[in-house]
Amino acid sequence: MRIVKLTLLAICAFALGLSAQEAYKGPVPDKADLPFIRHANKLVPTDPGEAKEDSVKGDTVYTVPGTAANAKTPLTEPTFIVKVDKLNVQQMALYKMEAKGGQRVLHLPQKPKKNGPRAVRLSLEPLSSGLYKLEVQEALENGEYCLSPGGSNAVFCFAVY
């Protein structure tokens, strides 16, 4: 009977060890509510800003000044580390922007088109209290991109090269 109890105890301890998440040991942002692109043990801050929203023939057009972001990554599936204070990271969306006329533009038609713009899939994982990892779930083409929390015109821009 004692052997059975010891065996069950060992199995439970092993199962608990497998299910316990390893504590995050990577770099932590020095600023809250700003997504940082993770490059190994270095964090690159995205470019924060505010997108201007206009309505053109019933469609919504968002513009961000400048043709290129200062934050750049060679990674086609970047990972972002975010320390959260007020930012709604659960509602974050990622869109590809188009450089046009000295600014970056996202045109969202009133009626979604088959090959029209769409949000890029992201996954969200809590790392510790108030610290999250956002991962892009599909390969990004070279170009300009902006992360934006739902219900807000706040943007966090970066470029893939």
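**A walk through the model**

Guide: Let us start with L122, which lies in strand β10, residues 122-128, and please keep in mind that this is a predicted model.

Visitor: Is L122 buried, exposed or partly exposed?

Guide: L122 has a relative accessibility of 22%, so it counts as partly exposed, given that buried means under 20% and exposed means over 50%.

Visitor: And what does L122 touch, leaving out residues up to four places away in sequence?

Guide: The residues that L122 touches on that basis are M92, A93, L94, L134, E135, V136, Q137 and L147.

Visitor: Stepping back, how many helices and strands does the chain have?

Guide: There is one helix, together with 13 strands. Reading along the sequence, the pattern is α-β-β-β-β-β-β-β-β-β-β-β-β-β.

Visitor: What share of the contacts with a separation of 6 or more comes from residues 24 or more positions apart?

Guide: Such pairs account for 67% of the contacts in that set.

Visitor: And the surface, what does it come to?

Guide: The accessible surface of the chain is about 10,100 Å², and carbon and sulfur atoms hold 54% of that area. As for the inside, buried residues make up 36% of the 161 residues in the chain.

Visitor: Which residues have the most contacts inside the largest nonpolar core?

Guide: Those are F80, L94, L140, L147 and F158, in a core that has 25 residues. Strands β1 (36-39), β2 (42-45), β7 (79-83), β8 (92-100), β11 (131-136), β12 and β13 each supply at least two residues of this core, and the largest share, four residues, comes from β11. Another core, of nine residues, lies apart from it, and its members include Y62, V64, V155 and C157.

Visitor: Speaking of C157, which residue does the disulfide join it to?

Guide: C157 is joined to C146, with the two sulfur atoms 2.3 Å apart, and the count for this model comes to one disulfide. The link is right-handed, with 85° about the S-S bond. Because C146 lies in strand β12 (residues 143-149) and C157 in strand β13 (residues 154-160), the pair ties together parts that are eleven residues apart in sequence.

Visitor: Are those two cysteines buried or exposed?

Guide: Both C146 and C157 are buried.

Visitor: Now a loop residue: where is P29 found?

Guide: P29 is found in the loop between α1 (2-19) and β1. With a relative accessible area of 2%, P29 is buried, and, again not counting residues up to four places away in sequence, P29 touches F36, L43, I81, V82, K83 and L131. P29 and K42 are 13 residues apart in sequence, with 9.7 Å between their C-alpha atoms.

Visitor: How about T79, buried or exposed?

Guide: T79 counts as buried, at 16% relative accessibility, and it is found in strand β7. Beyond residues up to four places away in sequence, T79 touches F36, I37, R38, K133, L134 and E135.

Visitor: Last topic, pockets. What is the volume of the largest pocket, and which residues lie nearest its centre?

Guide: The largest pocket has a volume of about 390 Å³. Its lining has 17 residues, and K96, M97, L106, P117 and R118 are the ones that lie nearest the centre.

Visitor: Which strand gives the largest share of that lining?

Guide: That is β8, with five residues, and both β8 and β9 (103-108) supply at least two residues of the lining.

Methods
Residues are numbered from 1 along each chain as its sequence is written. This is a predicted model: local features need pLDDT of at least 70, side-chain atom pairs count only at pLDDT 80 or more; totals for chains, interfaces and linings use all residues. Side-chain values use heavy atoms; hydrogens and water are left out. A disulfide is a pair of cysteine sulfur atoms within 2.5 Å. Buried means under 20% relative accessible area, exposed over 50%, partly exposed in between (1.4 Å probe, protein chains only). Contact means heavy atoms within 4.5 Å. Accessible areas come from the Shrake-Rupley method with a 1.4 Å probe; for residues, only the protein chains shown count as cover. A nonpolar core is a set of buried Ala, Val, Leu, Ile, Met, Phe, Trp, Tyr and Cys residues joined through side-chain atoms within 4.5 Å. On a 1 Å grid over the protein atoms alone, a cavity is a set of points where a 1.4 Å probe fits but cannot get out, and a pocket is an open set with protein on both sides within 12 Å along at least five of seven lines; lining residues have an atom within 4 Å of a point. Grid points are joined across faces, edges and corners, and a volume is the space filled by probe spheres set on the points.
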